[in-house]
Amino acid sequence: MRRLMFGFLAVLLMLPMTVLSALAAQDATPESAFADLGLPTLDVTVTADAFEGIPESVEAGRYLVTVTALEETGEFGGGVAFIQPAGMTGDEFIDMLGEVSGPPDESGVGSAAATPIEGGVATPADGEGEMGGPMGAPPDVFFQSVYAGGTYALAGETSQTVLDLTPGEWVAWGDDPESSQAPVAFQVTGEMPTDLVEPESSATLTMGEYIIEVTEGEVTSGPQILRVDNIGAQPHFIAGGTTQVDVTGADIEAILESEMTGTPAAVDFNPDEDFEEAFYSGTQSTGTSQWIVADIQPGTLIMICFFPDIQDGMPHAFYGMYTIVEVGE
Ligand SMILES: [Cu+2]
């Protein structure tokens, strides 16, 4: 269940390695649609345990972030996202992450859900929830911090996003307290430029409690730029992928419930086999926008958020934060 808690863990849930190895042959590298915008760039290489290319200091602005995940990131690849910790320095946040994730257990994942955070809101859950096990909300800082977004690439591939880095101290991290890359603190200096250019996008995805909606344009098949806005109060992200199975909301609810109970869902859709990744938009705070590149196969597009809820830590998907869109050829 812990793997439902944060960004990439959620992607792992939906992305079995069989699908990933099939994807590895595909070149989802975006057209250089962003290239003409004249944006400052941030090129980040994700290794097995580190982020390379994060400068100690950058000027505030709208950045074209290009993420390359080395082959050594393994079957799930790697990503980078940006968080401006609230009420603590970048280094303090990084120290806290070390405490939250703790030493890996035998299954290779950490022990976040089992570790109460002093002064935080992570409490032993109110007993066993309806869906099955205890799940306390993560510490306050995860809800109060500013999330600028981020992106994710499969091993050996590259992915791009355009996002805003505002003045202050930021941390580049894996959008997940348990990701294997060491987070990096860096400074963003100066003032936010007032003449920010807006990349052209084919559709706008709007996130809120607990919705993901196509509010402008249309999601089509093929490579495209999607604008992602968060108008909600809580942080949100979107994992998107297509399936050829005619999936309904009831199927998704059944699968989510089966994740909690361990009982297989009686549905035709098997996320372990029938799901092809389209994009991952790293966590964003309210009022932020980012422009991600998505390569979407025709079929049934499922977009879903697993950010833990501020009240009980339950992934937003359990509050209905997913949407299903048919994407034609
Ligand atoms: Cu959400």
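Tutor: Donors are N, O and S atoms within 2.8 Å of the metal (3.2 Å for Na, K and Ca), and since water is not among the atoms, sites may look incomplete. Four donors count as tetrahedral if all angles lie between 85 and 135 degrees; four count as square planar and six as octahedral if opposite donors are over 155 degrees apart and all others between 65 and 115, and anything else is irregular. The model here is predicted, with local features needing pLDDT of at least 70 and side-chain atom pairs counting only at pLDDT 80 or more, while totals for chains, interfaces and linings use all residues. Residues are numbered from 1 along each chain as its sequence is written, and side-chain values use heavy atoms, with hydrogens and water left out.

Student: Which residues coordinate the copper ion, and through which atoms?

Tutor: His 236 (ND1), Cys 305 (SG), His 316 (ND1) and Met 321 (SD) coordinate the copper ion, at 2.0 to 2.6 Å. The angles among the four donor atoms run from 85 to 138°, and the site is classed as irregular. Along the chain, the donors of the copper ion follow the spacing H-x68-C-x10-H-x4-M. Cys 305 and Met 321 are 16 residues apart, and both lie in the loop between β16 (299-304) and β17 (322-327). Both Cys 305 and Met 321 are buried, a label given under 20% relative accessible area, against exposed over 50% and partly exposed in between (1.4 Å probe, protein chains only).

Student: How much of the protein is buried, and how many helices and strands are there?

Tutor: Of the 329 residues of the protein, 52% count as buried. There are five helices and 17 strands, where helices (H or I, at least four residues) and strands (E, at least two) are DSSP runs numbered from the N terminus.

Student: In which order do the eight strands of the open sheet stand?

Tutor: Two strands pair if DSSP finds at least two bridges between them. Here the eight strands of an open sheet follow the order β2-β1-β4-β7-β15-β12-β10-β11, with mixed pairing. At the edges stand β2 (51-52) and β11 (211-217), each with a single partner strand, so one side of each is left without a neighbour in the sheet. Within this order, β4 (residues 61-69) and β7 (residues 158-165) run antiparallel and are joined by eight bridges, and Val 67 stands opposite Ser 159 in β7.

Student: Is strand β5 enclosed or open, and what are its partners?

Tutor: Seven of the seven residues of β5 (residues 78-84) are buried, so this strand is largely enclosed by the rest of the structure. Both of its faces are covered, with Gly 78, Val 80, Phe 82 and Gln 84 on one side and Gly 79, Ala 81 and Ile 83 on the other. β5 pairs with β6 (residues 146-153) in the antiparallel sense over seven bridges, with Ala 153 as the bridge partner of Gly 78. β5 also pairs with β8 (residues 168-173), again antiparallel, over three bridges, and there Ala 81 stands opposite Trp 173.

Student: What is Gly 77 in contact with?

Tutor: Contact means heavy atoms within 4.5 Å. Gly 77, found in the loop between β4 and β5, is in contact with Ala 69, Tyr 152, Ala 153, Leu 154 and Ala 155, leaving aside neighbours within four places in sequence. Gly 77 and Leu 154 are 77 residues apart in sequence, yet their C-alpha atoms are 4.1 Å apart in space. Across the protein, residues 24 or more positions apart account for 74% of the contacts with a separation of 6 or more.

Student: How many aromatic pairs are found in the whole structure?

Tutor: Rings of Phe, Tyr and Trp (its six-membered ring) pair if their centres lie within 6.5 Å; planes under 30 degrees apart count as stacked, over 60 as edge-to-face and the rest as tilted. The search finds nine pairs. In one of them, the rings of Phe 82 and Phe 186 have centres 6.0 Å apart and planes at 80°, so the pair is edge-to-face. The pair links β5 with β9 (residues 184-189), the two residues being 104 apart in the chain. Phe 82 is buried at a relative accessible area of 1%, and Phe 186 at 2%. Separately, Phe 93, Phe 142 and Trp 173 form one aromatic cluster.

Student: Where does pLDDT stay under 50?

Tutor: pLDDT is the predictor's confidence in each residue, from 0 to 100. The protein averages 82, and 80% of the residues score at least 70. Residues 1-30 stay under 50, although the model has 95 contacts for them beyond four places in sequence; residues 104-134 also stay under 50, with 51 such contacts. Where pLDDT is low, the predicted coordinates should not be read in detail.
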